[in-house]
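Subject: Structure handed over, with notes

Hello,

Here is the structure you asked about. Please open it first and keep it beside the notes that follow.

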Amino acid sequence: MTPGAREPILEVRDLVKHFPLTQGIILRRQVGAVRAVDGVSFTLYPGETLGIVGESGCGKSTVAKLLMNLERPTAGAVLYKGEDISKLSGRALKAVRRNIQMVFQDPYTSLNPRMTVGDIIGEPFDIHPDVAPKGDRRRRVRELLDVVGLNPEYINRYPHQFSGGQRQRIGIARGLALNPEIIVADEPVSALDVSVQAQVINLMEKLQDEFGLAYMVIAHDLSIVRHISDRVGVMYLGKIVEIGSDTAIYEHPTHPYTQALLSAVPVPDPQAREGRERIILTGDVPSPANPPSGCRFRTRCWKAQERCERQEPPLAVPPVLADRTGEVLHDSACHFAEEKRRVAHG
Amino acid sequence: MTDDRLLEVRDLEVEFTTRDGVVRALNGVSYGVDAGETLAVLGESGSGKSVTAQAIMGILDMPPGRITGGEILFQGRDLLGLGAEERRKIRGPKMAMIFQDALSSLNPVLSVGFQLGEMFRVHRGASRKEAKERAVELMERVRIPAARQRVNDYPHEFSGGMRQRIMIAMALALEPDLIIADEPTTALDVTVQAQVMDLLADLQREYRMGLILITHDLGVVADTADRIAVMYAGRIVENAPVKELYAAPAHPYTKGLLDSIPRLDQKGGQLYAISGLPPNLLHVPDGCPFHPRCPRARDRCRTDLPPLYAVSERAAGGAADATAEAAEAAAADAAHDDIARVPEVGERSSACHYWKETVDDARRA
Amino acid sequence: MPEPNRPDTPLDAQGAALDEAVVTRGEPGRARSLSSDAWHDLRRNPVFVISALLILFLLLIAIWPSSIASRDPLYCQLSRSLEGPAPGHWFGFDTQGCDVYTRVVYGARASIAVGVCATLGVALLGTVVGGLAGFFGGFWDALLSRTTDVFFAVPLVLGAIVFLSMIQLSGIWPVVLVIAALGWPQIARIARGAVITAKQNDYVQAARALGASNSRILLRHILPNAVAPVIVMATIMLGTIIALEATLSFLGVGLRPPTVSWGVDISSASDGMQFRNAPHILLYPAAALSLCVLAFIMMGDAVRDALDPKLR
């Protein structure tokens, strides 16, 4: 895959989202801000999957909401085919929404319990009547049920008659209804049983091939992200600290946070238990309301030096690795970037 | 049975009365834990893994739950024969439990120091001052930084990982012989999860406790467990030492689970997916409960409920170089075979009629 | 690598498993909405059945009182004042010599009319104010919630007495309007909470991501999921509003004679301690009132149990 050869379908530039912290009931004054997303940039190309990993509170779900225009960014731009969609509203926004759809984490709260499956999957057609003529809608809904591997006869049932995995399929069918080009999936399988997760992941991959979808998958499970992503970005405290192809991130990580994250993932192989080198980070993630100066990871980093406190490392190919070639050369926001091969194994 | 055997669950049966009928949550579950050993109980939601733990702890909601059979031998005594007061005296000093959601397991209006000290006041009759002193010690033991300054803080002032440490401290307070951890790290981030599992393993070694780790995470199991019991639809389907299970699972369900998880260190094509859904406990399929989802299912599986067969190295090893047909013939005779004996609790076993071919196929692959 | 599963195999297995799940209640393949589940539970709840039958009976006699009471409630013979039960007059006669049985039957109409109309007003006003506050949040929430608090601070009985004694109009409408104008804050608070809870569900975000308008989100997604607690509260309030009407009538500011209502009869029975000599003139209207209030409160309880998603 050579992403550079194609036009990006989605480009995010210096996206910032601060949630103000206020005090007082009537006369509200701002006493600070949670810097949920603090300067995030990436691009998404047609037909590819970009994975975003990070721990809770790193801002990855806020990024999803910003892409979906469910939140307005404090600064920055979301360019869909070159047009900034983050400032659109009304009719123009509605038109763009057809092309970007979302799959939610919790299959229990993402479907309205008082609507039938047919109404849920058919709702996109009610909102965008020009996509499917009225008489054709039931047929389209049945088709969609079939596409996601559910029996089309279930069209009149209610969500609570289905299991978690089946509900997630219904949510995916709703996302597909408008034939979008991009699907943003926020933790699409984390609420499902292990044996059902694989079914949903396979379905998502099948649909990507069938409809040429671009996925942006947000997850905390590094193994799942590796499995489905072409490129991966690692987030920490509102910033992307390392981004590159899946091989670059998983086989040649250069940022200490990525290395620690990968080494912490338990590998389902007891033979690897003894030989594994694990980097156990100390302490907790600092509060995003008051992030550390300079490099945000420095408070937990074993390589941190005085420079890290003073100067924020840019997300770029680290100069210290400039003499190398191959997958090591990818963006990593660390002054002291250093390749560590296959940390996952030890 | 070894002399070290700390806990042994035998043929435990639990039913729940719901408005849709009687749900048989456990259908004869047997497993054992030795002192200083970690037993992982692996299963999906509804497999009965947490119900078993609640029955052992004596915190099963009854009604709607009801223990209809079996015994729970703890240090040689059957817990099910004891009265409520005696059970209460065992919880805490002898066995303790760690829950998944630390925030809702801690009382939000009491300081953590008070809650930690409570164990000493209630069970040991310690004074307030003494109890607080012990609470600080415990917090230091679970490596909470600045324990003395934080002892009067309330649960919401701690991060998720720290709260789980406090739960561990609480479970450890009276140095029990057995700890049951129900999904202790599911709610935590990977880096914090690693810290907590490390801590738990260190403390277990130090105190030589038995640990029952209830989880659905195959990675955590591989990292920490000595033995594994795999549960499906209220039964144990496979019981094995951890390395043997990962090397060659003897039950198709275990094999399916192992094949269906994406690996961090490998980029595969399509994942293997176990088809279908976990069964509804109101209508568990006849025969082997796994047969509707099983790639190896044959006629016999639809009618005969497989007992736990002892999986012996000799039998499996001997068949390894035989042809596939021979293995199949041998497996078909398994019921009449001398190797199809009833396994000891804790011995490697599998509840599959065709465990031999399953093991052999896994070895060959 | 094992053979990847083909899409048709899991489908069949899932179909079988799903059908099993459905057999547990209702016929396989039948759609079961949450409200039909609630109805299924209600029908089996004796508290609901009893209260529903009672309410049905009360509604019927409120609409057609003449079907079980053939006399005119305003036809009184002073000569029979305070007489005890007699053949054809099983509840006896009141101070004015009117038939107590007839008056109790006809009294249902005014009491229930006030109860139903005032409750509808309260529910409507409360849902709109609370719903908008919860849905829009921010400034609107602050404004509407503070207004709610101001009204909430006015004691219902005291406020009603003050307003009703000021306007000095007779008939049921002034009473209905005053109760509706003062009683809505309770519903508004509940509606606001329910809307805020419903708003946080992912299906609302999903609808928004599809480009749904605010009115569609509010009417299709939030209201149907927020209405249950309002219904429960309104049912219970119906009972208390009927009692409130009786209280106001008793105090002489609610309904007044010649309007026939339980409150009016209780009030006149206690005038000059008449009931000491003839307890029946207080007993029957008071019993009818208590039964009616109880029926609605029991119904509210039963509905709450059936709609409570936590038990589901």
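In chain C, helices α4 and α11 cross in the right-handed sense. This is a predicted model, and the notes should be read with that in mind. The axes of α4(C) and α11(C), the latter being residues 280-307, come within 10 Å and cross at roughly 35 degrees. On the α4(C) side the contact consists of Val100(C), Val104(C), Gly107(C), Ala108(C) and Ser111(C). They meet His280(C), Ile281(C), Tyr284(C), Pro285(C), Ala288(C) and Cys292(C) of α11(C). By type, the residues of this contact are eight nonpolar, three polar and no charged.

Helix α4(C), residues 100-136, also packs against α9(C), residues 214-250. Here the angle is about 145 degrees and the axes are 8 Å apart. This crossing is right-handed. Among the residues that make the contact are Ser111(C), Val122(C) and Phe135(C) from α4(C), and Leu218(C), Met237(C) and Glu245(C) from α9(C). The residues of this contact divide into 16 nonpolar, four polar and one charged.

Next, chain B and its neighbour. Chain B has 37 residues in contact with 38 residues of chain A. On the chain B side, α8 (190-207), α9 (218-224), α10 (242-247) and α11 (252-260) each supply at least two residues. The largest share, six residues, comes from α8(B). The side of chain B that touches chain A holds 18 nonpolar, 11 polar and eight charged residues.

Within chain B, strand β9 (residues 227-232) is worth a look. Is this strand enclosed or open? Six of its six residues are buried, so β9(B) is largely enclosed by the rest of the structure. Both faces are covered: one side has Arg227(B), Ala229(B) and Met231(B), the other Ile228(B), Val230(B) and Tyr232(B), and all are buried. Strand β9(B) pairs with β3(B), residues 38-42, in the parallel sense over four bridges. In that pairing, Arg227(B) is the bridge partner of Leu39(B). With β10(B), residues 235-241, β9(B) pairs in the antiparallel sense over six bridges. There, Ile228(B) has Ala240(B) as its bridge partner. The hairpin of β9(B) and β10(B) has two residues between the strands, and Ala233(B) in this hairpin takes a positive phi near 50 degrees.

One residue of chain B can be followed on its own. Leu188(B) sits in the loop between β7 (178-182) and α8 of chain B. Why does Leu188(B) count as buried? The cut-off is 20 or more other C-beta atoms within 10 Å, and Leu188(B) counts as buried because it has 22 C-beta neighbours inside that distance. Leaving out residues up to four places away in sequence, Leu188(B) touches Gly160(B), Gly161(B), Gln164(B), Gln193(B) and Val196(B).

Last, chain A as a whole. Chain A has 11 helices and 11 strands. Its C-alpha atoms fill a box of roughly 65 × 60 × 40 Å along the principal axes. A compact globule of 346 residues would have a radius of gyration near 20 Å, and the 21 Å of chain A agrees with this. Buried residues make up 51% of the 346 residues in chain A. Of the contacts in chain A with a separation of 6 or more, 65% are between residues 24 or more positions apart.

Regards

Definitions and conventions:
Residues numbered from 1 in each chain as written. Chains lettered and ligands numbered in written order. Predicted model: local features only at pLDDT ≥ 70, side-chain atom pairs only at ≥ 80, totals over all residues. Axes fitted to C-alpha atoms, helices over the stretch in contact; angles between N-to-C directions. Left-handed = near helix turned anticlockwise from the far one by under 90°. Contact = placed C-beta atoms within 7 Å. Nonpolar A, V, L, I, M, F, W, Y, C, P; charged D, E, K, R; others polar. Buried ≥ 20, exposed ≤ 12 C-beta atoms within 10 Å, placed from the backbone. Pairing = 2+ DSSP bridges. Rg over C-alpha atoms; globule rule 2.2 N^0.38 Å.
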